[in-house]
Amino acid sequence: MWLAAARASRRAVGVPAQPAALLASAPFGACPTTTAAAAAAAAAAGSTALPPLSQQRRTLWCSARASRKAERDLAVIAGTSESRQKTRDALAAMGGGGRVTLDVTLDDPVATLTLDHAERRNAMSPVMMAQLADQVEALEHAVESGAWSGVAVAVRGTKGAFCAGADLSHALRFTEGKVAGRQMSAFMATTLYRLRRLPLISVSLVEGAAVGGGAELCTATDHRLIADSAHVHFIHARMHVTPGWGGAYRLTQLVGPRHALRALTAAEPLSAAECVEMGLADDVFVSGQGRRALEHFLGPTVNADPAVVRAMKRVVMNAAAQPSKEQLVFERDIFAGFWGQARNADAVAGKL
């Protein structure tokens with residue numbers, strides 16, 4: 001399958017093997033792109049000239065420049081790194097079931113993020129929100145340090161479901177205490193922003209229902225593959241709330257204002273065929289064949305030069321100006337005005 005082909009291709013383009021210890025110990029900051037790719041990314045970002053540095057330092061300069069811009073954007077969306085850390089710690093302390101795991105193997109070009117909370121259809125408990133942020137950060141470190149030379153990440157659930165959004169058994173706790181709805185919204189929007197900005201080809205493997213925040217989550221990846229029996233449901237209007245994790249902005253970018261407005265206001269489940277027709281999903285696969293569908297879809301990508309794939313992702317992200325930090329802040333503030341209000345609280349309580 002792709003693994004054997006990718007290994008052979010990497011030998012052909014000269015990608016060095018990396019010791020396993022680097023995944024845990026390598027420092028964040030080194031750019032894995034080639035100098036030419038880094039220069040292309042800087043040019044696309046609006047730079048008119050690179051400083052008179054050595055070839056190696058030019059690459060590092062480009063990576064640091066992109067990192068500084070990302071940090072500025074994150075500060076607008078979710079506040080300072082200190083405030084994000086406090087929210088993360090508070091979410092972790094709130095607990096809840098489930099877990100989020102990251103599978104990164106040195107000789108596999110595709111990493112996997114798995115949401116595992118089967119008894120709640122993989123709904124995100126507070127601790128899972130903290131874990132998702134941790135795993136995205138771990139993937140950032142593995143990529144930027146050069147410890148892992150992969151090109152893609154798949155996001156999936158377990159036991160026939162993708163994600164049912166926020167775990168409603170904990171939802172009312174976000175209206176009081178240390179983590180209010182606005183903080184939770186900003187934290188998750190930031191996490192999905194970072195997932196979206198990874199210099200990897202990201203794919204949501206929707207093998208079951210993607211509901212509410214789960215529907216928003218699948219819009220944070222570059223591509224979506226959906227099982228023929230699955231559906232995507234922006235249920236927010238029925239819960240008397242608007243999207244809070246950046247999903248309205250990303251959905252509009254993906255399918256256009258007309259389709260996005262219909263999906264959000266009608267609040268009806270979208271079948272696999274409807275998702276493809278409106279441009280939300282890339283392809284439909286037979287239920288139970290998700291891994292095969294993923295391998296087929298990513299086949300051409302995993303055989304390409306990893307440095308070029310990552311540079312292409314950076315260039316496209318810059319060209320698309322994705323996401324707009326101002327829009328994410330606006331969307332967060334609208335969400336906060338509805339979250340925890342009487343009708344929303346009644347709707348949440350009715351779903352418990």
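## Salt bridges

R88, D89 and D134 are joined in a network of salt bridges, a salt bridge being a side-chain nitrogen of Lys or Arg within 4 Å of a carboxyl oxygen of Asp or Glu. The structure is a predicted model, in which local features need pLDDT of at least 70 and side-chain atom pairs count only at pLDDT 80 or more, while totals for chains, interfaces and linings use all residues. Residues are numbered from 1 along each chain as its sequence is written, and side-chain values use heavy atoms, with hydrogens and water left out. In general, side chains of opposite charge can pair when their charged atoms come close. A search of the whole structure finds 13 salt bridges.

R314 forms a salt bridge with E144, with the closest N and O atoms 2.9 Å apart. This pair links distant parts of the chain, since R314 belongs to helix α14 (residues 306-320) and E144 to helix α6, 170 residues apart. Helices (H or I, at least four residues) and strands (E, at least two) are DSSP runs, numbered from the N terminus. Both R314 and E144 are buried; buried means under 20% relative accessible area, exposed over 50%, and partly exposed in between (1.4 Å probe, protein chains only).

The side chains of D333 and R182 also meet in a salt bridge, at 2.5 Å from N to O. Here D333 lies in helix α15 (residues 325-338) and R182 in helix α8 (residues 181-197), 151 residues apart. D333 is partly exposed, with a relative accessible area of 32%, and R182 is partly exposed at 41%. A further salt bridge joins D116 to R99, the closest N and O atoms being 3.5 Å apart. D116 is in strand β2 (residues 110-116) and R99 in strand β1 (residues 99-103), 17 residues apart. D116 is partly exposed, with a relative accessible area of 26%, and R99 is partly exposed at 47%.

Helix α6 covers residues 126-144, and its 19 residues should span 27 Å at 1.5 Å a residue; the end C-alpha atoms are 28 Å apart, which agrees. The expected span is 1.5 Å times one less than the number of residues. After α6 comes G146, whose phi is positive, near 85°.

In helix α10 (residues 247-255), the residues G247, A248, Y249, R250, L251 and V255 are buried. The buried residues of α10 pack against α8, α9, α11 (257-266), α12 (272-278) and α15. Just after α10, G256 has a positive phi of about 95°.

## Residue V155

V155 is part of strand β3 (residues 152-156). With a relative accessibility of 3%, V155 counts as buried. Leaving aside neighbours within four places in sequence, V155 is in contact (heavy atoms within 4.5 Å) with L113, F162, L195, V203, S204, L205 and T221. V155 and T112 are 43 residues apart in sequence, yet 6.0 Å apart in space, C-alpha to C-alpha.
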